[in-house]
Amino acid sequence: MFNFKEIVSVTLILFSVIDVLGSLPVIVDFRKKLGKIESEKATLAAGFIMILFLFLGERLLSLFGVDVASFAIAGAIILFLLGLEMILGRNIFKHDNMDVGVASIVPIAFPIIAGAATMTTLLSLRSAYAIENILVGILLNLFFVYLVLKSSNWLEKKLGQGGTDILRKVFGIILLAIAIKLFKTNLSM
């Protein structure tokens with residue numbers, strides 16, 4: 001049954017992890033290099049990845065002999081490093097050169113929107129919240145992602161470099177807190 005409180009919790013958790021506003025500098029950079037980003041394509045691909053992993057992620061992990069708690073701890077470490085990257089302004093993760101034709105999917109849809117952190121979070125959410133509430137949270141986030149991708153040019157002008165930097169730091173701290181919570185929760189399992 002739909003639960004408003006769960007939907008809000010899931011939506012906010014995913015919003016912090018996906019961090020499309022914190023990724024705005026990366027998105028703007030890709031838009032400048034490519035001329036445009038296919039917002040619809042990137043949003044649909046990210047949604048497909050997230051929903052597929054929500055339902056099949058645990059089975060996929062079991063094929064490799066990995067339990068959800070271990071995957072969640074690995075994801076928490078990635079989240080922690082991403083948070084540090086955002087706060088410190090240093091690149092820890094390197095991205096290879098991308099083919100212009102697939103740039104809306106890689107790296108925008110995956111790994112920026114639906115990356116390891118998002119997938120780990122989805123598995124963790126699945127153990128704590130009802131599936132229908134998680135799906136609503138995913139859809140609300142995808143709608144917001146689409147709006148940000150579609151209006152990245154306008155957002156860049158309105159926020160300026162200082163506003164973008166502040167957003168990146170704030171969401172970096174939130175990611176650090178989520179990473180520590182995920183780590184603590186799954187370490188005791």
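Colleague: How many residues has the largest nonpolar core?
Modeller: In this predicted model, the largest nonpolar core has 40 residues.

Colleague: Which of them have the most contacts inside it?
Modeller: Those are M50, L79, I108, I113 and I138.

Colleague: Which helices supply at least two residues each to this core?
Modeller: The helices are α1 (4-18), α2, α3 (39-63), α4, α5 (104-113), α6, α7 and α8.

Colleague: And where does the largest share of the core come from?
Modeller: From α8, with seven residues.

Colleague: What lies apart from that core?
Modeller: Another core, of five residues. F53, L61, M119 and L123 are among them.

Colleague: New topic. What is the mean pLDDT of the protein chain?
Modeller: The mean is 84. A value of 70 or more is reached by 93% of the residues.

Colleague: Where is confidence lowest, and where is it highest?
Modeller: Helix α2 (residues 24-34) is lowest, at a mean of 75. Helix α7 (residues 131-150) is highest, at 96.

Colleague: What should I keep in mind where pLDDT is low?
Modeller: Predicted coordinates should not be read in detail there.

Colleague: How do the lining residues divide into nonpolar, polar and charged?
Modeller: There are 11 nonpolar residues, five polar and one charged.

Colleague: What does UniProt list as "transmembrane region"?
Modeller: The UniProt entry, which is unreviewed, lists residues 12-30, 42-62, 68-88, 100-123, 129-149 and 170-187.

Colleague: Now single residues. Where is D19?
Modeller: D19 sits in the loop between α1 and α2. Its phi is near 50°. That is a positive value in a residue other than glycine.

Colleague: Is D19 buried or exposed?
Modeller: D19 counts as buried, because its relative accessibility is 3% and the cut-off for buried is under 20%.

Colleague: Where is F2 found, and why does F2 count as it does, buried or exposed?
Modeller: F2 is in the segment before α1. F2 counts as exposed because its relative accessibility is 56%, and exposed means over 50%.

Colleague: How many residues separate F2 and L60 in sequence, and how far apart are they in space?
Modeller: They are 58 residues apart in sequence. In space, F2 and L60 are 27 Å apart, C-alpha to C-alpha.

Colleague: What about N141, buried or exposed?
Modeller: N141 is in helix α7. At 3% relative accessibility, N141 counts as buried. N141 and V10 are 131 residues apart in sequence. Their C-alpha atoms are 9.6 Å apart in space.

Colleague: Where does F80 lie?
Modeller: F80 lies in helix α4. F80 has a relative accessible area of 33%, so F80 is partly exposed. Along the chain, F80 and V170 are 90 residues apart. Their C-alpha atoms are separated by 14 Å.

Colleague: Last one. What is the relative accessible area of G57?
Modeller: The value is 0%, so G57 is buried. G57 lies in helix α3.

Colleague: And how far apart in space are G57 and L159?
Modeller: They are 36 Å apart, C-alpha to C-alpha. In sequence, 102 residues separate G57 and L159.

Methods: Residues are numbered from 1 along each chain as its sequence is written. This is a predicted model: local features need pLDDT of at least 70, side-chain atom pairs count only at pLDDT 80 or more; totals for chains, interfaces and linings use all residues. Side-chain values use heavy atoms; hydrogens and water are left out. pLDDT is the predictor's confidence in each residue, from 0 to 100. Helices (H or I, at least four residues) and strands (E, at least two) are DSSP runs, numbered from the N terminus. Ala, Val, Leu, Ile, Met, Phe, Trp, Tyr, Cys and Pro count as nonpolar, Asp, Glu, Lys and Arg as charged, and the others, Gly among them, as polar. A nonpolar core is a set of buried Ala, Val, Leu, Ile, Met, Phe, Trp, Tyr and Cys residues joined through side-chain atoms within 4.5 Å. Buried means under 20% relative accessible area, exposed over 50%, partly exposed in between (1.4 Å probe, protein chains only). UniProt positions are given in the numbering used here, feature names are shortened, and annotations may be inferred rather than shown by experiment.
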